[in-house]
Amino acid sequence: MTLSIKVNGEQRSVDAAPGTPLLWVLRDELKMTGTKFGCGVAACGACTVHIDGQPTRSCQTFVEDIQDAEITTIEAMENSTVGAAVQQAWKELDVVQCGYCQSGQIMSAVGLLTENANPSAEDIDDYMYGNACRCATYQRIRSGVQRAAEILEG
């Protein structure tokens, strides 16, 4: 079935069977490979995108359920003030190790900083819980979120 979805501000027409996860539409139909497949059961956060501004696991979101929503992926993060600050902080602090989970980590960090511009270490740990990193770069991720908050504060 042909569906129309809005991704990164652009209306897109996609051909997907009912029950197709958004993740596969992004990766296979639209060739947007920044969003990663991790566990497939919404437990690791590698597939996190924003749907109407809220971090959402795309592996468990069916494309037919979000036709009227605004979908934002890692490919558009540099276009937002918060997204650009998080990416700058990630580069400054060399947060990434293998990098596989980092697009999901950044999407969640942007969600946190959009809701809470000055999060404590506990706030960061609580919000980022569920974004798994096999390299265990959690200290660097926390520092990256704190640095992004400083960048945003000016």
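## Close-up views of a predicted model

**View 1. Residues that join helix α2 to helix α3.** In α2, the contact residues are V82, G83, V86, Q87 and W90; across from them in α3 stand Q102, Q105, I106, A109, V110, L113 and T114. The contact of α2 with α3 counts 7 nonpolar residues, 5 polar ones and no charged ones. The model shown in this and the following views is predicted.

**View 2. How α2 and α3 cross.** Helix α2 covers residues 81–93, and helix α3 covers residues 102–115. Their axes come within 9 Å and cross at roughly 125 degrees. Because of that angle, α2 is oblique to α3. The crossing of α2 past α3 is right-handed.

**View 3. The largest nonpolar core.** This core holds 21 residues. Which of them touch the most other members? They are V86, W90, I106, L113 and V145. Helices α2, α3, α4 and α5 are the elements that give two or more residues to the core. The largest share, 6 residues, comes from α3. In soluble globular proteins, nonpolar side chains tend to be buried together.

**View 4. The surroundings of V86.** Leaving aside residues up to four places away in sequence, V86 touches I106, A109, V110, L113 and A148. V86 is also one of the α2 residues that meet α3. V86, I106 and L113 are among the residues with the most contacts to other members of the largest core.

**View 5. A second core.** A separate nonpolar core has 16 residues. Among them are L3, V14, L26 and I51.

**View 6. N8, a non-glycine residue with positive phi.** Most residues other than glycine have a negative phi. N8 is not a glycine, yet its phi is positive, about 50 degrees. Where is N8 placed? N8 sits in the loop between β1 (2–7) and β2 (10–15). With a relative accessible area of 26%, N8 is partly exposed.

**View 7. A136, another loop residue with positive phi.** A136 is not a glycine either, and its phi is about 60 degrees. The loop that holds A136 runs between α4 (121–128) and α5 (138–153). Is A136 buried or exposed? Its relative accessible area is 51%, so A136 counts as exposed, the cut-off being over 50%.

Terms used
Residues numbered from 1 in each chain as written. Predicted model: local features only at pLDDT ≥ 70, side-chain atom pairs only at ≥ 80, totals over all residues. Heavy atoms only, no water. Axes fitted to C-alpha atoms, helices over the stretch in contact; angles between N-to-C directions. Helix = DSSP H or I, 4+ residues; strand = E, 2+ residues; numbered from the N terminus. Parallel < 35°, antiparallel > 145°, perpendicular 65-115°, else oblique. Left-handed = near helix turned anticlockwise from the far one by under 90°. Contact = heavy atoms within 4.5 Å. Nonpolar A, V, L, I, M, F, W, Y, C, P; charged D, E, K, R; others polar. Buried < 20%, exposed > 50% of the residue type's maximum accessible area, 1.4 Å probe, protein only. Core = buried A, V, L, I, M, F, W, Y, C linked by side-chain atoms within 4.5 Å.
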